[in-house]
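Take a walk through this model, one region at a time. Keep the sequence open beside the view.

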Amino acid sequence: MEHRHLGSTGLRVSELGLGTMTWARDTDELDAAEQLRDFVDAGGTLVDTAASYADGDAETLLGSLLGAKVDRRDVLLCTKAGVRRTAQGPVVDASRGALLDSLDDSLSRLGADHVDLFLVHAPDPSTPFTETLSALRHAVTSGRARYVGLSNHPAWATARAATLLGGTDDVGLAAVELEYSLLQRGAEREVVPAAEALGLGLLAWSPLGRGVLTGKYRRSLPADSRGASPHLSAFVEPYLDQSSSGIVEAVVTAADGLGRAPLDVALSWLLGRPTVASAIVGARTPAQLRTSLAATDLELPDAVRAALDDVSDLEVGYPERW
């Protein structure tokens with residue numbers, strides 16, 4: 001598997017990252033262990049998790065496998081903080097105390113003394129942004145995190161964070177993590193150009209369009225799919241519309257012509273986009289993960305890439321395009 005620099009940093013990450021959102025909920029310990037072994041054996045290094053995944057149980061499960069199933073030194077741990085669950089539902093809290101307390105709890109669950117990448121999970125309009133960034137700075141200077149970044153933040157916040165963190169101690173902003181696929185190219189309006197200009201690496205979550213780009217939903221709603229899951233159906237539903245269907249059909253046509261699976265085509269397209277350092281694949285089963293791991297050898301012909309660019313083209317106007 002190819003390893004890429006995370007933006008202009010010295011950190012190299014595997015082009016596919018292992019997502020753990022389903023761990024300890026839809027993916028049990030045995031399947032998680034098999035996924036992690038297969039991922040590392042294939043040359044994968046970046047493992048992406050979050051304090052909010054399964055209310056922390058995903059991190060606990062991952063931590064139990066480090067050392068027991070794989071060497072901690074063979075993986076790069078990325079975790080996110082800033083979303084906590086309350087009786088009223090999820091609440092975004094990116095205050096200094098919340099972020100640092102969450103990071104300490106994550107380290108305890110992971111059984112680690114540091115993470116390689118620490119991200120703010122979501123924007124928090126109720127907390128001054130400078131306070132949020134002070135937590136990221138302290139995470140690095142205290143040794144809890146090697147690199148820091150933002151997840152799901154707009155371009156203006158990304159640019160401001162890069163400026164404010166690039167001070168005298170040069171903590172720096174290393175990465176942005178966003179949803180990015182043929183079905184969701186919103187990052188290209190401003191975040192991708194900002195990341196390219198600022199030397200940031202982009203981590204793409206849901207690179208398969210929440211599973212829709214595999215083509216599994218073309219004819220029906222499979223009973224064992226995320227789309228039929230009580231807690232994930234609302235996550236998949238936005239991409240089951242008519243406009244997404246046209247893009248999926250184009251991917252399937254391209255895959256048929258190349259003798260490959262639609263998943264291969266969708267991943268190859270994304271990994272060829274500017275600034276993308278890693279595509280985070282969140283497989284529910286080991287078999288699903290192995291399918292993604294086998295897709296990295298495909299290089300799309302220019303004509304196919306251009307056709308996919310065209311059919312999924314993003315509407316961009318003023319002021320992004322003058």
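Leaving aside its neighbours within four places in sequence, which residues is Ser 14 in contact with? Contact here means heavy atoms within 4.5 Å. Ser 14 touches Met 1, Glu 2, His 3, Phe 39, Gly 43, Gly 44, Thr 45, Leu 46, Ala 277 and Ser 278.

Two notes on the source come before the tour. This is a predicted model, in which local features need pLDDT of at least 70 and side-chain atom pairs count only at pLDDT 80 or more, while totals for chains, interfaces and linings use all residues. Residues are numbered from 1 along each chain as its sequence is written, and side-chain values use heavy atoms, with hydrogens and water left out.

Stay with Ser 14. It sits in strand 2 (residues 12-14). Helices (H or I, at least four residues) and strands (E, at least two) are DSSP runs, numbered from the N terminus. Ser 14 is buried, with a relative accessible area of 0%. Buried means under 20% relative accessible area, exposed means over 50%, and partly exposed lies in between (1.4 Å probe, protein chains only). A polar atom of the Ser 14 side chain lies 2.7 Å from the backbone oxygen of Leu 16.

One of the partners of Ser 14 is Glu 2. Glu 2 lies in the segment before strand 1 (3-5). It is partly exposed, at 42% relative accessible area. Leaving aside neighbours within four places in sequence, Glu 2 is in contact with Val 13, Ser 14 and Glu 15. Glu 2 and Glu 15 are 13 residues apart along the chain, and their C-alpha atoms are separated by 5.7 Å. The side chain of Glu 2 also makes a polar contact with the side chain of Arg 4, at 3.4 Å. A polar contact is a pair of N or O atoms within 3.5 Å; within protein, one must be able to donate a hydrogen and the other to accept it, and residues adjacent in sequence count only if both atoms are side-chain atoms.

Now turn to the interior. In soluble globular proteins, nonpolar side chains tend to be buried together. The largest nonpolar core here has 89 residues. Such a core is a set of buried Ala, Val, Leu, Ile, Met, Phe, Trp, Tyr and Cys residues joined through side-chain atoms within 4.5 Å. Trp 23, Leu 36, Leu 77 and Phe 118 have the most contacts inside the largest core. Helix 9 (residues 262-271) gives the most to this core, with seven residues. Apart from it lies another core, of 13 residues, among them Leu 6, Leu 117, Leu 119 and Ala 277.

Why is helix 9 largely enclosed by the rest of the structure? Because 10 of its 10 residues are buried. Among them are Asp 264, Ser 268 and Trp 269.

Look next at Leu 77. Beyond its neighbours within four places in sequence, its contacts include Val 47, Leu 62, Leu 66, Leu 110 and Asp 116. Val 75 lies in the loop between helix 2 and strand 5 (76-81). At 2% relative accessibility, Val 75 is buried.

Glu 179 belongs to strand 10 (residues 175-179). Is Glu 179 buried or exposed? It counts as buried, at 10% relative accessibility. Its side chain makes a polar contact of 2.8 Å with the side chain of Arg 210. Another polar contact, with the side chain of Tyr 239, is also 2.8 Å.

Finish with the backbone. The peptide bond from Tyr 318 to Pro 319 is cis, with omega near 5°. Pro 319 is found in the segment after helix 11 (302-311). Ala 24 is not a glycine, yet has a positive phi of about 65°. It lies in the loop between strand 3 (16-19) and helix 1 (29-41). Ala 54 has a positive phi too, near 50°. Its place is in the loop between strand 4 (46-48) and helix 2 (57-65).
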